[in-house]
Amino acid sequence: MDNKDVIDLGKVFKTLLAKKKVFFYVWPIVFVLSCIWVFPKPRYYNSSVSLAPEAMGEDMAGGLSSIASNFGINIGGGGADAIYPLLYPELMESNEFVVNLLDIKVTTEDGEVSTDYYTYLSKHQKKNWLTEPFNKAKRAITDIFSSKPKSGPSKAKKLNPFKLSEYDYNIVESVKSKVTCSVDKKTDVVSIMVEDQDPLVCATLADSVRQHLQDFIINYRTSKARLDVNHYQHLADSAKVEYDNAVRKYSDYCDLNQDVILQSAISERDKLESDMQLKYNTYTAMCTQLEAMKAKLQERTPAFTTLKSATVPIRPAGPKRMIFVAGMLILATIITAFCLLRKNISKALTELK
């Protein structure tokens, strides 16, 4: 083998050792700058929840979906549902869903803050003291050249997801970045991950997001059945009123005509009795239908199995300060070594040509 194709590591090491003072200048500078950059960043915590939604519809499509899932393929075996587990992440990205999360009551671990999530994000978030002055200057310059009036926290009791102010839009986007949802294509297991600066708020929000998601899916899947229950409940109530009126008319007529033997009176009594019986049959039929619709509603109500409950995290998830500083030192070492050996590398490449 040609010696020109071999890298002399000993020579490389001697070259770097001869210029070791450069590293002694670079390392402290990189260490200080890395610490200044990473240590002002507020710590954050992660809390997660996993749940398995009930499969709807044990039909042929459901069987094919189960077989296809073994190969990592999802063919939408959720029956006639338009929203199946793979669409849950898209659902949680909608403004309507996120706005409902802003009303959640949260309390910090130290107990100093107890308010709704919107106020917590607006007034009780820790800032990066290093970058905050630059952010304020950027916002000030933007406000000067912006034709829109400066907006602050909304004073309305309920935000309108259809029309958000710039401030509220930023709050909603902040929630979207803190709350993430993923679905396993093979098992349809839904995992919800929440990030926040306070561990108790993080766990509270994770559990609340799970509950909001379950409520939304339950309301969606039972919307038609609930309409049917309300419809037949109205019909049963109306039939009950008509039956009660028919009973009262029949009873009043019989009381007033106890000793009357005229055929016309008897015919009128039979007519009222027949009408009362007809109203009774209608009422019982509506009650039967109502009970059937209630059973259907119960059947359509999905069940969710919580595989992993939310817990208050003990250790912060980030930022990984020591790892970041160590990574910057390693990167600075590689770049410095490359710069010091640049001439030797260029010379070696020229000789190879």
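These legends describe close-up views of a predicted model.

**View 1. Overview of the chain.** The predicted chain has 353 residues, of which 30% count as buried. Its secondary structure consists of 13 helices and 6 strands. Of the contacts between residues at least 6 apart in sequence, 77% join residues at least 24 apart. The accessible surface amounts to about 23,400 Å², and carbon and sulfur atoms account for 59% of that area.

**View 2. The largest nonpolar core.** This core holds 36 residues, and Leu102, Tyr117, Ile192 and Leu213 have the most contacts inside it. Elements that each supply at least two core residues include strand 1 (45–53), helix 8 (166–178), strand 4 (179–183), strand 5 (190–196) and helix 9 (199–221). Helix 9 gives the largest share, 7 residues. Leaving aside residues up to four places away in sequence, Ile192 touches, among others, Ser48, Val49 and Leu51, Val179 and Cys181, and Val209, Arg210 and Leu213.

**View 3. Strand 5 and its two neighbours.** Strand 5 runs antiparallel to strand 1, to which 7 bridges join it. Strand 5 is also paired with strand 4, again in the antiparallel sense, over 5 bridges. Ser50 is placed opposite Ser191 of strand 5, and Thr180 has Met193 of strand 5 as its bridge partner. The covered face of strand 5 carries Val190, Ile192, Val194 and Asp196, while Ser191, Met193 and Glu195 are on the uncovered face.

**View 4. The hairpin of strands 4 and 5.** Between strand 4 and strand 5 of this hairpin there are 6 residues, and Asp188 takes a positive phi near 65 degrees. Asp188 belongs to the loop between the two strands and is not a glycine. Most residues other than glycine have a negative phi. The relative accessible area of Asp188 is 24%, so the residue counts as partly exposed.

View 5. Gly318 and Pro319 are joined by a cis peptide bond with omega of about -5 degrees. Pro319 is in the loop that lies between strand 6 (304–308) and helix 12 (321–340). Most peptide bonds are trans.

View 6. In one of them, Glu173 pairs with Lys176, with the closest N and O atoms 3.4 Å apart; both residues lie in helix 8, 3 residues apart, about one turn of the helix. Glu173 is partly exposed at 30% relative accessibility, whereas Lys176 is buried at 15%. Another joins the side chains of Asp207 and Arg210, at 2.9 Å from N to O. These two residues are 3 apart in helix 9 and so are separated by about one helical turn. Asp207 is partly exposed, with a relative accessibility of 33%, and Arg210 is buried, with a relative accessible area of 12%.

View 7. Asp244 and Lys240 form a salt bridge in which the closest N and O atoms are 2.9 Å apart. The two residues are 4 apart in helix 10 (residues 223–256), so about one helical turn separates them. Asp244 is partly exposed at 31% relative accessible area, and Lys240 is partly exposed at 32% relative accessibility.

**View 8. A nonpolar patch on the surface.** Ile29, Phe31, Val32, Leu33 and Ile36 make up this patch, and together they have about 460 Å² of accessible area. Phe31 is part of helix 2 (residues 20–38). With a relative accessible area of 40%, Phe31 is partly exposed.

Methods. Residues numbered from 1 in each chain as written. Predicted model: local features only at pLDDT ≥ 70, side-chain atom pairs only at ≥ 80, totals over all residues. Heavy atoms only, no water. Core = buried A, V, L, I, M, F, W, Y, C linked by side-chain atoms within 4.5 Å. Buried < 20%, exposed > 50% of the residue type's maximum accessible area, 1.4 Å probe, protein only. Contact = heavy atoms within 4.5 Å. Patch = residues over 30% accessible without salt bridge, like charges linked within 9 Å, V, L, I, M, F, W, Y side chains within 5 Å. Areas by Shrake-Rupley, 256 points an atom, 1.4 Å probe, with all protein chains shown as cover. Salt bridge = Lys/Arg side-chain N within 4 Å of Asp/Glu carboxyl O. Pairing = 2+ DSSP bridges.
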